[in-house]
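Welcome! Take a look at the sequence and the 3D view below, and keep both at hand while you read this briefing.

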Amino acid sequence: MKASCITEQELKQFLSDHPKWAVEIKNEIPNLIWENRFPNFLEAFKLITSIALVSEKLDHHCLLINEYNFLKISIHTHETKSITTKDLFWIKSVFGENP
């Protein structure tokens, strides 16, 4: 999949439609961020496993931070150092219609 940078309006719309996601700037690069606390480690690990499978299939990987039942995801497209359609497709592939 070719990555196309999303517009500011597309980003605002995504964030409006998906309130669990936010933007965080790290080293001058915007990242989409998602954080969640699960009932237990196993539930968090189930999502991590799904993320691993999707990431390998799409050859697009995120930063994962996991501590027991807490999981943080940070994603951007490394080639463009921005948020792109590739990131949005990855999110939809991992989370389905309700990320």
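How far does the backbone oxygen of His-60 lie from a polar atom of the side chain of Trp-90? The distance is 3.3 Å, and the rest of this briefing explores the surroundings of Trp-90 and some other parts of the model. The model is predicted, so local features need pLDDT of at least 70 and side-chain atom pairs count only at pLDDT 80 or more, while totals for chains, interfaces and linings use all residues. Residues are numbered from 1 along each chain as its sequence is written, and side-chain values use heavy atoms, with hydrogens and water left out.

- You can find Trp-90 in helix H3; helices (H or I, at least four residues) and strands (E, at least two) are DSSP runs, numbered from the N terminus.
- Trp-90 is buried, at 0% relative accessibility; buried means under 20% relative accessible area, exposed over 50%, and partly exposed in between (1.4 Å probe, protein chains only).
- Not counting residues up to four places away in sequence, Trp-90 touches Ile-51, Val-54, Ser-55, Leu-58, His-60, Cys-62, Ile-73 and Ile-75; contact means heavy atoms within 4.5 Å.

**Helix H2**

- Helix H2 covers residues 41–58, and its 18 residues reach 26 Å from the first C-alpha to the last. That is close to the expected 26 Å, a span worked out as 1.5 Å times one less than the number of residues.
- The buried residues in H2 are Ala-44, Leu-47, Ile-48, Ile-51, Val-54 and Ser-55. They fall within an arc of 130° seen down the axis of H2, so they line one face of the helix; the arc is that of the directions from the helix axis to the C-beta atoms.
- Here is a handy rule: an α-helix has 3.6 residues a turn, so residues three or four places apart point the same way.
- Leu-42, Leu-53, Glu-56 and Lys-57 are exposed on the other side of H2.
- The cover over the buried residues of H2 includes strand E2 (29–37), strand E3 (63–67), strand E4 (70–75) and helix H3 (85–95).
- Just after H2, look for Asp-59, which takes a positive phi of about 55°.

**Aromatic rings**

- There are six aromatic pairs in the structure. Rings of Phe, Tyr and Trp (its six-membered ring) pair if their centres lie within 6.5 Å; planes under 30 degrees apart count as stacked, over 60 as edge-to-face and the rest as tilted.
- Trp-21 and Trp-34 make a tilted pair, 6.4 Å centre to centre with 35° between the planes.
- This pair links distant parts of the chain, with Trp-21 in strand E1 (residues 21–26) and Trp-34 in strand E2, 13 residues apart.
- Trp-21 is buried at 4% relative accessibility, and Trp-34 is buried with a relative accessible area of 4%.
- Ring pairs join Phe-14, Trp-21, Trp-34, Phe-38 and Phe-95 into a cluster.

**Cysteines**

- The structure has zero disulfides; a disulfide is a pair of cysteine sulfur atoms within 2.5 Å.
- Why is Cys-5 too far for a bond? The closest cysteine sulfur, in Cys-62, is 19 Å from its own sulfur.
- Cys-5 is partly exposed, at 49% relative accessibility, whereas Cys-62 is buried at 18%.

Definitions and conventions
Polar contact = N/O pair within 3.5 Å; in protein donor to acceptor, adjacent residues only side chain to side chain.
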